[in-house]
Amino acid sequence: MQEGDPRYIAQPLTDEIYTADPSARVWNDGRIYIYASHDEEVPEELYNSADAFDMRDYQVLSMERPGGPVTVHPPALDVEQVPWAKRQMWAPDAAYRNGTYFLYFPAKDANDIFRIGAATSKSPTGPFTPQAEPIEGSYSIDPGILRDNDGEHYMYLGGIWGGQLQRWPNGSYDASVTEDDPTPPGEPAITPVVARMAPDMLEFAEPLRPVQILDEHGDPLLAGDLDRRFFEGAWVFRRGDTYYLTYSTGETHYLVYATGDSPYGPFTYRGRILEPVEGWTTHHSITEIDGQWWLFYHDTQRSGLTHLRNVKMTPLTFRADGTIETINPMTD
Ligand code: FUB
């Protein structure tokens, strides 16, 4: 990792470009690849709105080992290449199956509705060739892939507010639903959704279904439970027989987790992974690299501006009972 402001324990992985929403993957060659949003400057009147996240392309980062030099690869996919996409290339993820790398990304279509796209390459760093249409039945933002031990892949997705998940109450788009989440505070919170991927990895094998997140009494987390309810950025991984659903709580700025016995859930809330970082958004991935677990996340250390972020990584510790030690980004 690079030298930088000593107030922060983890330092930005690169200062060549602004990056956010890091999905870190280790493929067969053992190298670490980070599929991230590529933040861009926007006119000042857009600051502090969802339109400030007006990203146009993706550039993969890679490194041989934690702490090693970081390579910023050439643009891997541009919005101009995607026939159905108009703007806002948000948080991506990637998968590998049968010799092909898959890049999954949200973007707004011609009607300003977020969909999830897929693009393929024979190289982990691209360039990626997009499909002509978004994944059928896809919506909202923040795709995250789980490859289970049996080789099946699952896509989790969703984000409320600017991510539009609240506009899909029954699997169809309702433009009359407001951008803030209108769910009454005493009602169950909106949850991420999941589907198993078809063998070609370009379609869902089944309809998207909600992922239940329960409290310690077995009841769904409520919409008013702002410190714990799902906002965006679902990332699921498996450790032993336990599935960890991790996500951002949005306006309370926590990364939190819940555990379950199945990729479909239900998941039970367990606690916090990361206290708030500098900047409004908080979005992450969690990956095991040579026996050590790492949290990849972003903050705004380099710019001080919420829409110009920089990715970081820091070690993550599991206790013997499988719970996660909470990280304070300024001191741990
Ligand atoms: O980067 C754009 C959006 O900000 C992501 O899709 C969200 O998760 C948040 O990090």
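The residues lining the largest cavity of this predicted model divide into five nonpolar, five polar and one charged. You can find them at S23, A91, P92, D142, P143, G144, G233, A234, W235, H283 and H284. Strand β15, spanning residues 232-239, gives the most to this lining, with three residues. The space inside the largest cavity comes to about 50 Å³, and the count of cavities of 30 Å³ or more is one.

From here, let us turn to charged pairs. Side chains of opposite charge can pair when their charged atoms come close. The structure holds 17 salt bridges. One of them joins the side chains of D21 and R309, at 3.8 Å from N to O. Because D21 sits in strand β1 (residues 18-26) and R309 in the loop between β20 (292-299) and β21 (310-316), this pair ties together parts that are 288 residues apart in sequence. Both D21 and R309 are buried.

Next, look at D112 and R87, whose side chains meet in a salt bridge of 3.0 Å, N to O. D112 lies in the loop between β7 (100-109) and β8 (114-121) and R87 in strand β5 (residues 85-87), so the pair links parts that are 25 residues apart in sequence. D112 is partly exposed, at 25% relative accessibility, and R87 is partly exposed too, at 21%.

A further salt bridge brings together the side chains of D241 and R238, at 3.3 Å from N to O. D241 counts as exposed, with 61% relative accessibility, while R238 is partly exposed at 24%. Finally, salt bridges with shared partners join D51, K86, R87 and D112 into one network.

Definitions and conventions. Residues numbered from 1 in each chain as written. Predicted model: local features only at pLDDT ≥ 70, side-chain atom pairs only at ≥ 80, totals over all residues. Heavy atoms only, no water. 1 Å grid on protein atoms, 1.4 Å probe; cavity = no way out; pocket = protein on both sides within 12 Å on 5 of 7 lines; lining within 4 Å. Points joined across faces, edges and corners; volume = space filled by probe spheres on them. Helix = DSSP H or I, 4+ residues; strand = E, 2+ residues; numbered from the N terminus. Nonpolar A, V, L, I, M, F, W, Y, C, P; charged D, E, K, R; others polar. Salt bridge = Lys/Arg side-chain N within 4 Å of Asp/Glu carboxyl O. Buried < 20%, exposed > 50% of the residue type's maximum accessible area, 1.4 Å probe, protein only.
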